[in-house]
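User: Could you take me through the helix packing and the pockets of this model?

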Amino acid sequence: MHKNKLLFCALGLFFPGTGFNVFYLKGLGSPWAWLQMVSLFAGILGWKLLGASDMSSALGWILAAAGFIALEASWLTTIVFGLRPDERWDAQFNANSGQKSSSGWLVILCVIASLMIGAAILMIGLAIAFEQHFLSQFEAAKKISQ
């Protein structure tokens with residue numbers, strides 16, 4: 001079966017963290033894809049725990065970090081595989097199909113969008129994490145001073 005680079009990139013861009021793009025390449029037996037999917041669901045659960053605990057749940061932070069990593073890993077694999085030359089893509093994923101890939105500008109646009117979204121989410125995540133860290137330090141200092 002011929003593996004299409006554009007479909008792989010679109011799955012990674014529009015369904016990040018689900019592992020759908022890795023399932024497309026490697027099949028349902030891919031442990032990496034399953035790990036991504038489980039991490040995404042853990043991240044959703046962690047975000048709900050953080051919301052319910054006023055951002056103070058340690059377990060919530062750990063689970064949210066797992067989901068965050070799954071999202072970022074998905075966008076990163078989209079960038080890495082999207083920028084791979086077609087000859088190398090075909091050698092790895094289309095060796096027995098006999099067809100040649102011809103990725104165009106849509107793949108590059110997917111890569112650019114993955115980079116922009118991934119970088120924005122990374123900065124947002126870091127800003128929230130640092131804000132919460134400094135707020136907790138401020139609260140601890142207030143308790144000590146009283």
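**Helix packing and pockets**

Analyst: Helix α1 (residues 5-14) packs against α4 at an angle of about 160°, with the axes 8 Å apart. Therefore α1 is roughly antiparallel to α4, a term for angles over 145 degrees. Axes are lines fitted to C-alpha atoms over the stretch in contact, with angles from 0 to 180 degrees between N-to-C directions. Helices are DSSP runs (H or I, at least four residues), numbered from the N terminus.

Analyst: This is a predicted model, in which local features need pLDDT of at least 70, side-chain atom pairs count only at pLDDT 80 or more, and totals for chains, interfaces and linings use all residues. Residues are numbered from 1 along each chain as its sequence is written, and side-chain values use heavy atoms, without hydrogens and water.

User: Which residues in α1 meet α4?

Analyst: K5, F8, C9, G12 and L13 in α1 meet S74, W75, T77, T78, F81 and G82 in α4, where contact means heavy atoms within 4.5 Å.

User: Changing topic, how much space lies in the largest pocket?

Analyst: About 430 Å³. A pocket is an open set of points on a 1 Å grid over the protein atoms alone where a 1.4 Å probe fits, with protein on both sides within 12 Å along at least five of seven lines; lining residues have an atom within 4 Å of a point. The volume is the space filled by probe spheres set on the points, which are joined across faces, edges and corners.

User: What lies closest to its centre?

Analyst: Of 18 lining residues, W47, A64, A65, F68 and G125 are the closest to the centre of the largest pocket. The elements giving two or more residues to this lining are α3 (31-52), α4 (58-82) and α6 (105-145).

User: And which element gives the most to the lining of the second largest pocket?

Analyst: α6, with six residues. The second largest pocket holds about 210 Å³ of space.

Key: Parallel < 35°, antiparallel > 145°, perpendicular 65-115°, else oblique.
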